[in-house]
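Welcome, and please get your viewer ready for a short walk through this model. At each stop you will be told what to select and what to look for.

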Amino acid sequence: MQRLFSMLAISCLTLFVLNCSGGEKTAKKPPVKSAAKPEAKAPIKAEAPAEAPAEPAGEPGNIKVTVNFEGTAPKMEALNRKQDPFCAKTAMNSETVLVNDNNTLRNAVVKLSKGVRGKFETPKEAAVLDQQACMYRPRVLSMMAGQTLQIKNSDTTLHNVHTYQGEAKKTVFNTAMPPNAKTLEKTFSDGDEVITFRCDVHPWMAGFVYVADHPFHGVTSTDGTVTLSNVPAKKYTLETWHEKYGFQKTEVVVEAGKTVEVSIGYKADQAS
Ligand SMILES: [Cu+2]
């Protein structure tokens, strides 16, 4: 996580915001992310976002976000999984950077920045993170603070789920999951955080859970897009996060009943 935050200071990128109503491409300034270190946070901090006063807002609209990737994707090397005969049965490559055929970036979190106010219901259905063939599936997911996360182990080998929060890599929980372990259920009450999942048995295993304090978030998949739906009409800061390339942000204005299209680009050479 420290590496990710340090990258914020050096990221100097060009964002292109494409507004479908105007059809204009406007070069924007590089994303402004404070170089100051974020304040240390307690692992679980109840901010009670649901209690915040609702802001007046018009009819909702939608934001369709495309996360583009410019340049040559780094080669994802084969993982050395020989240490565990169960894992070694399945060949896997690193998945740190997955670029789709349409030059979009997979596994990027897309979200409205912290501070979206309103009464938002916490989803009743659980988010699910599985350990399959000694990989986290999905590798990246987003969920809401207060929502249940079910953590499963579908493998017939021992994993341990070691989670970290924030720059200081503070452990949130660390739980062994042997074969046939009971599903672990966790909730996170601290919104706008990325929780990193690692396994101390298998050092290549990595997963990332973004915890939002509102429902306007998602993760890019094989088409590199996320649509944030039913967003109250007004101006927002939209942020993306990727495990290697870090944060980017831009401004977006949601108009009632319309879908605004936004493109955010990462460059292959921007990572340290
Ligand atoms: Cu493991």
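Start with the loop between β6 (135–137) and β7 (140–144), and select Pro-138, which sits there. Helices and strands here are DSSP runs (H or I of at least four residues for helices, E of at least two for strands), numbered from the N terminus. The peptide bond between Arg-137 and Pro-138 is cis, with omega about -5 degrees. As background, most peptide bonds are trans, and most residues other than glycine have a negative phi.

Before moving on, a word about the model. It is predicted: local features need pLDDT of at least 70, side-chain atom pairs count only at pLDDT 80 or more, and totals for chains, interfaces and linings use all residues. Residues are numbered from 1 along each chain as its sequence is written.

Next, select Cys-134, in the loop between β5 (127–132) and β6. Although Cys-134 is not a glycine, its phi is positive, at about 60 degrees. Is Cys-134 buried or exposed? Cys-134 counts as buried because it has 22 C-beta neighbours inside 10 Å. The cut-offs are these: buried means 20 or more other C-beta atoms within 10 Å of the residue's own, exposed means 12 or fewer, and partly exposed is in between, with C-beta atoms placed from the backbone.

Now go to Asn-103, in the loop between α2 (85–88) and β4 (109–112). Asn-103 also has a positive phi of about 60 degrees without being a glycine. Asn-103 is partly exposed, because 14 other C-beta atoms lie within 10 Å.

Time to colour some strands. Which strand order does the open sheet of four strands have? The order is β6-β5-β8-β11, and the pairing is mixed. Its edge strands, β6 and β11 (184–187), each pair on one side only. From one strand to the next, the twist averages 25 degrees; axes are lines fitted to C-alpha atoms, for helices over the stretch in contact, and angles run from 0 to 180 degrees between N-to-C directions. Strands count as paired if DSSP finds at least two bridges between them. Inside this sheet, β5 and β8 (residues 148–153) are parallel, with five bridges. To find one of them, select Gln-131 and its bridge partner in β8, Asn-153.

Another pairing to show is that of β16 (235–242) and β17 (246–253). These two strands run antiparallel and are joined by eight bridges, and a hairpin of three residues links β16 to β17. Select Tyr-236 to see it opposite Val-252 in β17.

Glu-243 counts as buried because it has 21 C-beta neighbours inside 10 Å. Leaving aside neighbours within four places in sequence, Glu-243 is in contact (C-beta atoms, placed from the backbone, within 7 Å) with Thr-96 and Phe-208. Glu-243 and Phe-208 are 35 residues apart along the chain, and their C-alpha atoms are separated by 7.9 Å.

Finish in the largest nonpolar core, which has 51 residues. Such a core is a set of buried Ala, Val, Leu, Ile, Met, Phe, Trp, Tyr and Cys residues joined through C-beta atoms within 7 Å. Select Ile-63, Val-65, Val-209 and Val-211, which touch the most other members. Strand β13 (residues 206–212) gives the largest share of this core, five residues. Not counting residues up to four places away in sequence, Ile-63 touches several residues, including Leu-228, Val-231, Val-254 and Val-262.

Terms used. Contact = placed C-beta atoms within 7 Å.
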